[in-house]
Amino acid sequence: MNYQRGFQTWELIRGQESDPWKASPKDVTFPCDPSKLRNPDGAVTQFLRNVSHLNSEEDYFPAQTFREAARWLESNHTRDPFFLYIDTFDPHEPWYPPRHYTDLYDPGYDGDEVIFPRYDHCNYLTKAELNHCRALYAGEVTLVDHWFGHLLNRAESLDLLKNTAIIFIGDHGFYLGEHGYIGKTLLTPQYQQMLPLYPEVARIPFLIYTPDGHGGRHAKAYAQPVDLMPTICDLLNVQIPETVQSSSLKPVVEGTARTRKKRDFVICSPTISHPDLDAPHPTTRSSIYESDWLLVFGPQVHRIRDTETTRMVDSILRRVRALEKGPITPKLYHLPSDPDCKRNVMRANRDVASELHAKYVAFLETAGVPERHLQFFREL
């Protein structure tokens with residue numbers, strides 16, 4: 001994905017997902033009914049070829065990735081300063097952890113293993129299959145955690161914890177039956193539709209260690225991935241460029257910032273504006289979080305011809321289309337009483353929704369969204 005751009009050196013671990021790495025075996029055995037898999041004849045077939053040679057846990061991709069990172073530290077830890085970025089593709093599907101990790105969460109299961117589920121309403125899976133998907137995901141997460149621990153142990157043995165910041169962050173979550181979905185979007189061979197970004201997808205792991213920080217503390221200030229770059233600059237005493245629109249979390253990490261003071265609300269959103277876009281699709285909804293509330297709001301496009309196309313998720317060209325049942329309307333949730341976002345309380349709390357919507361529109365104006373797109377977001 002070209003994430004190596006800008007780095008002086010980089011190392012790639014081959015074979016993850018659809019990486020065209022191994023050409024054999026020609027024929028592979030699917031672990032379940034292929035109709036339940038996403039792109040079985042493409043990505044899944046290639047992945048099964050790529051992992052056909054695995055003999056022990058040390059051969060799995062998280063183990064390879066973090067062992068390689070640990071070796072890099074051993075060779076380069078005396079450089080001052082250094083910046084090491086590690087991207088582990090797991091726990092992304094296909095989920096393929098060693099069996100002893102999956103058995104921690106679903107022992108004795110002997111049914112189909114849907115390792116790369118079709119992004120859809122989850123009713124095509126049996127209850128047992130869906131539960132095993134959760135076990136596969138949890139096993140993959142545990143595998144990553146274990147080998148990340150290997151990297152931390154090496155950092156400690158090299159005496160790096162006294163002068164090195166360590167940041168651990170994810171990119172998104174995954175629906176495993178929540179809201180009736182499995183996956184992070186809806187996909188068919190021809191069509192794609194974004195799903196609302198509920199907490200299961202929008203809330204991500206974000207842990208920061210600093211040598212002079214306050215360990216074991218849960219900071220409740222809002223943070224987003226765009227804050228990562230200025231935070232790293234701040235920790236390294238590098239001047240933050242004036243063009244950066246986010247802010248450093250260093251005061252939060254050091255315990256000098258008051259709760260939620262870095263920003264009052266956060267917005268999680270798919271792309272709603274770009275130069276080649278005619279009109280935003282009504283399914284590209286933003287999630288606006290503030291204190292106890294979540295507003296799910298998309299462009300109020302009353303007539304759309306589904307002309308937009310996308311290569312989102314897997315680089316396959318699809319048309320964007322509404323694949324959900326029912327009207328696509330704004331929804332409001334009260335998180336303390338409804339953390340799973342099952343009850344839309346928009347009608348009884350219209351004033352709250354209006355206030356969140358006004359902040360959202362003001363943010364889009366500040367961000368420079370052109371009026372030809374912004375006009376579809378101005379009315380609640």
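Predicted model: local features only at pLDDT ≥ 70, side-chain atom pairs only at ≥ 80, totals over all residues.
The tour starts with a sheet. Four strands form an open, antiparallel sheet, in which the order is β8-β9-β10-β13. At its edges lie β8 (266–268) and β13, each of which pairs on one side only. Between neighbouring strands of this sheet the average turn is 20°, with direction ignored. Helix α8 packs on the sheet and touches β8, β9, β10 and β13, and its direction makes about 65° with that of β10.

On one side of the pairing, strand β9 (residues 286–290) joins β10 in the antiparallel sense over five bridges. Within that pairing, E290 has W293 of β10 as its bridge partner. The two strands β9 and β10 make up a hairpin with two residues between them, and S291 in the turn carries a positive phi of about 50°. Strand β10 also pairs with strand β13 (residues 331–334), again in the antiparallel sense, over four bridges. Here W293 has H334 of β13 as its bridge partner, while V296 stands opposite K331 in β13.

How do the side chains of β10 divide between the two directions? W293, L295 and F297 point one way, whereas L294 and V296 point the other way, and all are buried.

Attention now turns to a pair of helices. Helix α2 (residues 61–76) and helix α4 (residues 127–157) pack with their axes 9 Å apart and at an angle of about 10°. The two helices are therefore roughly parallel to each other, since angles under 35 degrees count as such. On the α2 side, the contact is made by P62, A63, F66, R67, A69, A70, L73 and E74; on the α4 side, by L143, V144, W147, F148, H150, L151, R154 and A155. By residue type, this contact of α2 with α4 comprises 12 nonpolar residues, one polar and three charged.

The side chain of D338 reaches the backbone nitrogen of K342 at 2.9 Å. Leaving aside residues up to four places away in sequence, D338 touches Y333 and R343. As for C341, its phi is positive, about 55°, although this residue is not a glycine. C341 counts as buried too, at 4% relative accessibility.

G183 lies in strand β4, which covers residues 181–183. Is G183 buried or exposed? At 0% relative accessibility, G183 counts as buried. Residues up to four places away in sequence aside, G183 touches Y119, F174 and Y175. The C-alpha atom of G183 is separated by 14 Å from that of E324, a residue 141 places away along the chain. H179 sits in the loop between β3 (175–176) and β4. The backbone of H179 has a phi near 60°, a positive value in a residue other than glycine. With a relative accessible area of 26%, H179 is partly exposed.

Finally, two cis peptide bonds can be described. One joins S24 and P25, with omega about 5°; P25 lies in the segment before α1 (40–50). Another joins D90 and P91, with omega about 15°, and P91 is placed in the loop between α2 and α3 (99–102).

How values were computed: Residues numbered from 1 in each chain as written. Heavy atoms only, no water. Axes fitted to C-alpha atoms, helices over the stretch in contact; angles between N-to-C directions. Parallel < 35°, antiparallel > 145°, perpendicular 65-115°, else oblique. Contact = heavy atoms within 4.5 Å. Nonpolar A, V, L, I, M, F, W, Y, C, P; charged D, E, K, R; others polar. Buried < 20%, exposed > 50% of the residue type's maximum accessible area, 1.4 Å probe, protein only. Pairing = 2+ DSSP bridges. Polar contact = N/O pair within 3.5 Å; in protein donor to acceptor, adjacent residues only side chain to side chain.
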